[in-house]
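Please look over the sequence and the model below, and then follow this short report, which goes from the chain as a whole to a pair of its side chains.

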Amino acid sequence: MHLERLGGNRIVPLGLGDDDDDLEGDFETWKDTKLWPGLKKKYIKSSSVKDSVGGKSEKLPDCHYAIEYIDGPAPLDETPIENVHMSSKHYFTGVDCPVTVKRELRNPADDGSTLHME
């Protein structure tokens, strides 16, 4: 909504999930029924994809990405911590620590759970 106020155009409707039920399923449903069809309608001309009925195919636009299949584990990436984006640094700098307190903050009659952890 903020991008729309700044002049952006919405491509697909906002998708909301219910974390009390199946959040992952809600996302998958939105992705399959709203996101991909909306992106296809906006960005892929009907003549640029394979016709599943007639079997003819047209050339797709050039893709700037490549897939590389490897047989074993990939070599360790030696990225300096200064080059890691702030939102990802905890994956590289996290440490194990003991949990000393675990307390439920919601009433047992409430749906769901909210835990206080120390």
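Two residues are in contact when heavy atoms of theirs lie within 4.5 Å. The model shown here is a predicted one, and in this chain residues 24 or more positions apart account for 11% of the contacts with a separation of 6 or more.

The secondary structure of the chain consists of three helices and two strands, which follow one another along the sequence in the pattern α-α-α-β-β. Of the 118 residues in the chain, 6% are buried, where buried stands for a relative accessible area under 20%. The chain exposes about 11500 Å², and 55% of this area is supplied by carbon and sulfur atoms.

Which kind of pair does the structure hold once? The answer is an aromatic pair, of which there is one. This pair is made by the rings of Phe27 and Trp30, and it counts as tilted because the ring planes stand at 40° to each other, while the ring centres are 6.0 Å apart. Both residues belong to helix α2, which covers residues 23-43, and since Phe27 and Trp30 are three residues apart there, about one helical turn separates them.

The table gives the accessibility of the two partners.

| Residue | Relative accessible area | Class |
|---|---|---|
| Phe27 | 42% | partly exposed |
| Trp30 | 21% | partly exposed |

Trp30, with its 21%, is classed as partly exposed because a residue has to be under 20% to count as buried. Phe27, at 42%, is partly exposed because the exposed class begins over 50%.

Terms used
Residues are numbered from 1 along each chain as its sequence is written. This is a predicted model: local features need pLDDT of at least 70, side-chain atom pairs count only at pLDDT 80 or more; totals for chains, interfaces and linings use all residues. Side-chain values use heavy atoms; hydrogens and water are left out. Rings of Phe, Tyr and Trp (its six-membered ring) pair if their centres lie within 6.5 Å; planes under 30 degrees apart count as stacked, over 60 as edge-to-face and the rest as tilted. Helices (H or I, at least four residues) and strands (E, at least two) are DSSP runs, numbered from the N terminus. Buried means under 20% relative accessible area, exposed over 50%, partly exposed in between (1.4 Å probe, protein chains only). Accessible areas come from the Shrake-Rupley method with a 1.4 Å probe; for residues, only the protein chains shown count as cover.
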